[in-house]
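My notes follow in the order I looked things up.

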Amino acid sequence: MTNLNQHDVSNSLDQSVATFVGTNTTYYETEFARIQGRTGFAGSWNTWAAILGPFWAASRGAWGFFWSFLVLELFALVQIVRGLWGELGADQLERYDRLMTNILAREVQAAEFIANGDQAGADAKLNIANNLHAAADLALDAANAANGTATIVLLAGLVLMLMLKLCEGFTANSIYEAQYLRWRASHNEQVGLKRSSLVLGVLGILAIWPLTLIRFTVGNPEEAVAWLTGGLLGTKITITEFPVGKEYFSALSRIGDRGFDFLAIQFSDVFDGVTATIRWVLDALEILLIQTPWPVVMFVIIVMAYRLASLRVAIFTAASLAYLAFMGLWELSMITVALIGAGAFLCIIIGIPFGIWFGKSPRAYNIAEPILDFMQTMPAFVYLIPIIAFFGTGKPPGVLATLIFAMPPVIRLTALGMRGVPETTKEAATAFGCSPWQLLTNVELPLALPSIMTGINQTILMSLSMVVIASLIGAEGLGALILEALQYAAKGQGLLGGLAILLCAMVIDRIAQGAYRKSAKQHK
């Protein structure tokens with residue numbers, strides 16, 4: 001009975017292999033069984049894969065194999081063609097021709113000086129011509145040396161192609177067997193040979209190989225392309241530069257300029273109101289941090305660190321503040337703390353409500369996700385362009401740049417924390433009579449708080465990274481110190497200023513994280 005069951009299983013496997021491969025079933029049944037029966041190198045050889053390479057892979061739908069060996073074989077073919085017909089010293093010969101033309105021009109000028117009785121001018125031109133002769137001789141020697149390496153390049157290409165063919169032959173069946181296992185699991189892989197896949201592979205090879213070979217093996221690729229196409233593409237078409245200049249770029253740039261100017265004029269009151277609000281927050285922070293006597297500020301910050309976090313955080317805070325004071329960076333550091341604090345504060349009060357909304361509404365999050373990706377991946381310098389256009393320069397625009405760049409983490413992680421609250425917990429709370437507001441404040445937010453605090457941490461660190469960039473548009477503080485160090489290559493100043501920025505951010509982060517951990521312990 002056991003032997004009969006094993007026979008049935010074997011027949012079932014053979015039938016599935018035959019269904020998958022379509023053609024040459026006996027060969028693939030044998031090779032797949034050999035591969036599955038060994039844990040290491042199976043030693044399975046596929047002659048057609050070795051001969052046809054990417055073409056075999058395309059016909060079988062093995063696209064990973066196809067693209068990998070398409071690129072590798074192309075590299076080997078470039079070496080072979082360069083060794084056979086490539087003009088290896090073409091660039092040096094072109095340089096030699098340019099130098100000889102320049103030499104001839106200098107000699108003609110020297111002859112004119114002699115005809116005019118100016119021997120000194122003629123000697124100067126001839127001296128330049130002699131120097132150019134030396135450079136031309138070096139270029140000619142380099143061209144001859146490059147041509148002498150043609151045999152070596154050809155042999156290297158042939159050896160590489162042979163190694164690739166061996167690799168294709170010995171790996172094809174293993175890759176195809178893995179594709180077969182994926183097909184058995186999901187039935188999403190290609191079955192058998194498909195003419196459409198082969199045609200797609202051939203088109204891919206024709207789109208990549210010819211132009212690449214011409215580019216790296218022919219001395220004048222544009223003439224070769226014109227000859228191959230019978231002049232249909234025109235003589236001005238090149239294969240190294242796109243045949244369009246900056247005319248579209250310039251036109252769109254002018255439209256963008258007019259658009260920014262229009263918005264800046266039409267919504268000037270709105271932009272001024274936003275700037276005034278941010279300036280009010282900054283002024284309040286700077287009054288607290290700068291105009292208040294420094295011993296009072298230092299004492300309050302240390303006590304806050306001790307009460308909210310721990311003694312260890314208080315000691316670290318005291319050491320950091322002492323460094324800032326003894327380096328003469330107290331005022332600049334407090335300006336930086338105000339900038340980071342204002343940016344992080346606005347990010348948190350705006351980002352957490354959006355994160356709660358997105359965590360509860362998947363549709364809203366799907367709409368907002370591309371916007372968050374744009375905010376987080378766009379280079380930070382790009383933010384400065386519209387911000388300058390709409391809000392001018394100074395500290396408030398620097399805070400706005402920080403706001404755009406640093407808000408996505410707190411939104412994403414708040415939404416992640418909200419989505420991570422178990423549905424059973426929410427159902428139980430609702431069953432006990434929790435209103436939506438009680439459910440949010442007493443159940444969802446406490447459970448999502450670890451993720452929210454991680455988002456706040458990331459926002460603080462990203463606000464820190466914008467300090468130096470914001471200094472480019474007039475935001476003061478330690479960022480301006482770093483910018484000055486970059487401009488004058490003041491390495492020591494830059495290092496000390498960077499350490500001060502780091503300490504400012506670490507103090508804020510340690511106090512915030514310590515307060516959260518202490519609160520979590522008290523509620524246990």
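**Helix α8**

I looked for bends and found a kink of about 40 degrees in α8, centred on T171. I note that this is a predicted model. I then checked the length of α8, which runs over residues 150-186 and has 37 residues. From first C-alpha to last, α8 reaches 50 Å, close to the 54 Å expected at 1.5 Å a residue. I also looked at what follows α8: H187, with a positive phi near 60 degrees.

**Helix α9**

I ran the length check on α9, residues 195-217. Its 23 residues should span 33 Å at 1.5 Å a residue, and the end C-alpha atoms are 32 Å apart, so the two agree. Next I listed the buried residues of α9: S197, G201, G204, I205, W209, L213, I214 and T217.

**I301**

I placed I301 in helix α13, residues 294-308. Is I301 buried or exposed? Its relative accessibility is 16%, so I301 counts as buried, the cut-off being under 20%. Leaving out residues up to four places away in sequence, I found that I301 touches T317 and L321. I also took the C-alpha to C-alpha distance from I301 to A314: 8.4 Å in space, for 13 residues apart in sequence.

**Cysteines**

How many disulfides are there? I counted 0, requiring a pair of cysteine sulfur atoms within 2.5 Å. I looked up accessibility for two cysteines. C434 has a relative accessible area of 26%, so I noted C434 as partly exposed. C504 is at 4% relative accessibility and therefore counts as buried.

Methods: Residues numbered from 1 in each chain as written. Predicted model: local features only at pLDDT ≥ 70, side-chain atom pairs only at ≥ 80, totals over all residues. Heavy atoms only, no water. Helix = DSSP H or I, 4+ residues; strand = E, 2+ residues; numbered from the N terminus. Buried < 20%, exposed > 50% of the residue type's maximum accessible area, 1.4 Å probe, protein only. Contact = heavy atoms within 4.5 Å. Expected span 1.5 Å × (residues − 1). Bend = angle between axes of the 7 residues up to and from the residue.
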